[in-house]
Amino acid sequence: MGIIGWIVLGLLAGGIAKFLLPGRDPGGFIITTLIGVAGAFVGGWLSAKFLHRPIANHFFDLATWGAAITGSLVLLIAYRILFGNSRD
């Protein structure tokens, strides 16, 4: 799966993470989707590095999606903790 595939996966994972964790985000929609892309990369890397789960070569791998969504959720929660009061 190429870089474009990871970006698309990250955008979708960010949307799913936002759906699973509703509420106001400090940065809005654009920052949330960028966090989703970063979360997909981080989740995929951590999955390959520490869980010894190789990165799939195809887009529709359940473990890759799980790692991307989990990475997006973790980054979104961390972002809300660090910058949560900026839109009050």
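Helices are DSSP runs of H or I with at least four residues, numbered from the N terminus. Ile-7 lies in one of these, helix 1. The model is predicted: local features need pLDDT of at least 70, side-chain atom pairs count only at pLDDT 80 or more, and totals for chains, interfaces and linings use all residues. Residues are numbered from 1 along each chain as its sequence is written, and side-chain values use heavy atoms, without hydrogens and water.

Confidence is given as pLDDT, the predictor's score for each residue from 0 to 100. The protein has a mean pLDDT of 78, with 86% of its residues at 70 or more.

| Element | Residues | Mean pLDDT |
|---|---|---|
| Helix 2 | 28-50 | 80 (lowest) |
| Helix 3 | 62-83 | 84 (highest) |

A nonpolar surface patch of about 590 Å² accessible area is formed by Ile-3, Ile-4, Ile-7, Val-8, Leu-11, Leu-12 and Phe-41. Patch residues have over 30% relative accessible area and no salt bridge, and nonpolar side chains are joined within 5 Å; a salt bridge is a side-chain nitrogen of Lys or Arg within 4 Å of a carboxyl oxygen of Asp or Glu. Areas come from the Shrake-Rupley method with a 1.4 Å probe. Helix 1 (residues 3-20) gives the most to this patch, six residues. Ile-7 counts as partly exposed because its relative accessibility is 33%, between the limits of 20% for buried and 50% for exposed.

The largest pocket has a volume of about 160 Å³. A pocket is an open set of points on a 1 Å grid where a 1.4 Å probe fits, with protein on both sides within 12 Å along at least five of seven lines, and lining residues have an atom within 4 Å of a point. Its lining includes Val-42, Leu-46, Arg-53, Thr-70 and Leu-75. Helix 3 supplies the largest share of that lining, six residues.

Conventions:
Helix = DSSP H or I, 4+ residues; strand = E, 2+ residues; numbered from the N terminus. Patch = residues over 30% accessible without salt bridge, like charges linked within 9 Å, V, L, I, M, F, W, Y side chains within 5 Å. Buried < 20%, exposed > 50% of the residue type's maximum accessible area, 1.4 Å probe, protein only. Points joined across faces, edges and corners; volume = space filled by probe spheres on them.
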